[in-house]
Amino acid sequence: MKTSLLAADARTKKRNAAEKRFRAYGLSAIIVAMSALLILLTSVLVNGLSSFQQTFITMDIELAEERVDKEGNRDPAEMAKTTTIGYNSILRDALIATIEGEGLTTDLSNRDIADMISKEASATVRDRVLANPDLVGQTVTFDVLASGRIDGYFKGDVTLESAALDSNTSPEALTLAQQLADAGVIETKFNWNFFIWPDASVQRPEAAGLGVAILGSLYMMIVVLVLALPIGVASSIYLEEFAPKNRITDIIEVNISNLAAVPSIVYGILGLAIFINFMEFNQSSPLVGGLVLTLMTLPTIIISTRAALKSVPPSIRDAALGVGASKMQSVFHHVLPLAAPGILTGTIIGLAQALGETAPLLLIGMVAFVREYPAAYTPEAGLFGEASTALPVQVFNWTQRSDPAFVERASGAIITLLVFLLIMNAVAIYLRRRFERRW
Amino acid sequence: MQSLTTPLLFIFALAVIGYFVAKSRALKVAGGDIRTLVSLPNQHALNTALATIIPPVAAVLLFALYGRLTDGGPNWFFTLVVIGLGVTGCALSLIGIKVESRARTYAERWILGLLIFASTIAIMTTVGIVFSMLFETFNFFGQYDWRDFFFSLSWSPNFRGNSDLGIIPLLWGTLYVSFIALVVAVPIGLFAAIYLSEYAGPRLRSVAKPAIEVLAGIPTIVYGLFALITVGPVLRDYFAEPMGFGQSASSVMTAGIVMGVMLIPFVSSLSDDIINAVPQAMRDGSLGLGATQSETIRQVVIPAALPGIVGAILLAASRAIGETMIVVLGAGAAARLSLNPFEAMTTVTVKIVSQLTGDTDFASPETLVAFALGLTLFVITLGLNVFALYIVRKYREQYE
């Protein structure tokens, strides 16, 4: 058989083809992984960005004395007798007047017109009036929330076709809303309230916000930071610098690496059994949530702190000991400050992990519907003892509701959560770049 | 607990006062010349403060535990003990201030004690996990036959009693979802790791590696939502319904695929480290004998890295079995023993969540079963982790 070095034989061709195939597999694996990330982020953004916008109706509301303050004394206690139901009709009449003022006509019944306004709006107006009785008798311009369906229409989630099948709205209402929007009465603008307002009931997706959840998550992060950082650093210092090499420290080390791999839901069971059933801390409180997350993040912090301590060269310790420092002084005065950037980076990454954790919080009752902003301290509930929810749990909560408008809210909450995580990780990376020392 | 706030505040005040008293006393003992002192005034002061605070605080912690165990409230006797310990500690350490006393050593012993206490918290966590679950699991098996729990093929809790609480359908769902997740994650993760460490240039590496690691930093609730609103409906509309597999958006497939995406970085970054640890000389030897690069990888690098890769896969499997939010939102809630991957099934973690949220009654087996499920989950994942570490250690090739 004639062979040539210039022409590849069949076997070589086969081997080269195999080589090419192998490379292609590798490259496509990377492409698949990166496109999965891209699709994931796009899906969340597409679904969620609209939750940062909200549709408002701007209208002049006549706060007639006989309707909001029957006694005429401007006494908030007496005025509180007019319930939100009373305000509903005031808002309805104001909207009808606005529609007529714009010269628009509609076949809608008065009730259907009232349904264009969010049920939350009357409470908002009522609170404003009660807080400021001088408004009574005047005609005041309010930006009130439009109902969830009208809001969905301007965001493209509700169409004339879908409205025809929907008992909560009708194509006529949407057409009217469009005319009002053309006249500048209905406006869609940035929704700061999404970050401030508490959760709202199932019928009012347009009024649901993240206020309580953000506050609850903040409290828990404080608890985690205050407990996990000192405990984690102290135990790393002991294990890395002082512990004799024996069975007990071996057990502790194996134990810590195993704890890092325990499923997070198991920590939830621990929290339920120990902190709530045994210690009788308040259910749904940021304190219990923080404690559970502390135990969960401790292994992460310990592992990264030990790595940071290990990277400080022994010559630093030897120099300190050589000039008469005790072992403790050499660690606290020299090793620890040098390891601080690494420790801080590890702590921030641990905190970011804790911020996104959901499963254990479900078990300790943080799924409860909470509308009151939790106080950091009250004499009855103690420190961080008031019921609260947390960002990731709020997302879960919203996904469990049937109204599709809550899916948009849930995605919006996810974006908020991801932005917080992004900031934390960026800070961690910056700290590492800025302060990391190579020896 | 409330009534201990005042004594504790008193102790802290005493410690602050003790700090300054000790400092001035040390100076006085030295006669104004601190060079004669064995330990610096600051160290005497620190020793006094620690001696004042640590014993009473330790006593308070012990008492809180004791009070919970016996249901007793705080009483006068205890308040006295706490204050007494603080005052004694303060007084003894102040009396002990002499020129030749080694306050630095004493203070550091206190600190060492604190460090040791901190490092036992990890142990206490494990003990807490095991005991809290064991205790309630025993309660559960007191009310429900363990044979039915482990061998019954049906799961239908009923809050009026007479529930079937067999773990097998849940385990089946768990293993099925985890299997699909691994089928997705292992090839992608492994090939990505191989390509990044063997073929990719520094530019691709610097983009792709962090991008894949971002997947690991995304909270699982995000993946859950992704499964619920994107992957589930797409799978239903384009695969399950046209092919006649069912109409459910939440299915084993949905949860499995999304979980697979989540696991890619676990497999890839661990494998990447291991592949990089294979010495270059082995590759050079193989290439020098005329093997192509892919032959070298398949026949030299992968076999050398195999124990580590198997370890990485086992760790990913343990992650998959314990994962909660993706399956809660993606897999469904119906306990079913079925082979159809487009059907909704449920897992151990989903049932732990559903049995322990809402109104729970800690006397009924329907609630207590969650602890038995949790313990099973803990044992399985722990076993996988220990096994993974064992394999990595036992079969690690020692180079050099």
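User: In this predicted model, in what order do the three strands of the open sheet of chain A stand?

Analyst: The model is a predicted one, and its chain A holds an open sheet of three strands whose pairing is antiparallel. Strand 2 and strand 3 (186-190) stand at the edges with a single partner strand each, so one side of each is left without a neighbour in the sheet. Neighbouring strands of this sheet are turned by 35° against each other on average, direction ignored. Read across the sheet, the order is 2-1-3.

User: How many bridges join strand 1 of chain A to strand 2 of chain A, and which residue is the bridge partner of A:F56?

Analyst: Strand 1 and strand 2 of chain A run antiparallel and are joined by seven bridges. Along this pairing, A:T58 stands opposite A:D143 of strand 2. For A:F56, the bridge partner in strand 2 of chain A is A:L145.

User: Over how many bridges do strand 1 and strand 3 of chain A pair, and which residue is the partner of A:Q53?

Analyst: The pairing of strand 1 with strand 3 of chain A is in the antiparallel sense and extends over five bridges. Within strand 3 of chain A, the bridge partner of A:Q53 is A:F190.

User: At about what angle to strand 1 of chain A does helix 4 of chain A run?

Analyst: Helix 4 of chain A has 18 residues, and from its first C-alpha to its last it reaches 25 Å, close to the 26 Å expected at 1.5 Å a residue. Just after this helix, A:G103 takes a positive phi of about 75°. Helix 4 lies across strand 1 and strand 2 of chain A, and its angle to strand 1 is about 90°.

User: Which elements are included in what covers the buried residues of helix 4 of chain A?

Analyst: The buried residues of helix 4 of chain A are A:Y87, A:I90, A:L91, A:A94, A:L95, A:T98 and A:I99. What covers these residues includes strand 1, helix 2, helix 5 (110-114), helix 6 and strand 2 of chain A.

User: Against which elements do the buried residues of helix 6 of chain A pack?

Analyst: In helix 6 (residues 119-131) of chain A, the residues A:E120, A:A121, A:S122, A:T124, A:V125, A:R126 and A:V129 are buried. The helix lies across strand 1 and strand 2 of chain A, running at about 140° to strand 2. Its buried residues pack against strand 1 (53-62), helix 2 (65-68), helix 3 (76-79), helix 4 (84-101) and strand 2 (139-145) of chain A.

User: Which elements give two or more residues to the side of domain 1 of chain A that touches domain 2 of chain A?

Analyst: The domain assignment of chain A gives domain 1 (52-207) and domain 2 (212-435), and 43 Å separate their centres, taken over C-alpha atoms. Ten residues of domain 1 of chain A are in contact with 15 residues of domain 2 of chain A, and the domain 1 side divides into six nonpolar, two polar and two charged residues. The elements that give two or more residues to that side are helix 7 (148-154) and helix 10 (193-196) of chain A.

User: How far apart do the C-alpha centres of domain 1 and domain 2 of chain B lie?

Analyst: For chain B, the domain assignment gives domain 1 (2-139) and domain 2 (155-395). Six residues of domain 1 of chain B are in contact with six residues of domain 2 of chain B, and by class the domain 1 side has three nonpolar, two polar and one charged residues. The C-alpha centres of these domains of chain B lie apart by 47 Å.

User: Is A:L270 buried or exposed, and which residues of chain B does A:L270 touch?

Analyst: A:L270 is found in helix 13 (residues 264-278) of chain A. Since A:L270 has 28 C-beta neighbours inside 10 Å, this residue counts as buried. Not counting residues up to four places away in sequence, A:L270 touches B:G128, B:I129 and B:S132.

Technical notes: Residues are numbered from 1 along each chain as its sequence is written. Chains are lettered from A and ligands numbered from 1 in the order in which they are written. This is a predicted model: local features need pLDDT of at least 70, side-chain atom pairs count only at pLDDT 80 or more; totals for chains, interfaces and linings use all residues. Helices (H or I, at least four residues) and strands (E, at least two) are DSSP runs, numbered from the N terminus. A residue is buried if 20 or more other C-beta atoms lie within 10 Å of its own, exposed if 12 or fewer, and partly exposed in between; C-beta atoms are placed from the backbone. Two residues are in contact if their C-beta atoms, placed from the backbone, lie within 7 Å. Domain bounds come from an automatic or database domain assignment. Ala, Val, Leu, Ile, Met, Phe, Trp, Tyr, Cys and Pro count as nonpolar, Asp, Glu, Lys and Arg as charged, and the others, Gly among them, as polar. The expected span of a helix is 1.5 Å times one less than its number of residues. Two strands pair if DSSP finds at least two bridges between them. Axes are lines fitted to C-alpha atoms, for helices over the stretch in contact, and angles run from 0 to 180 degrees between N-to-C directions.
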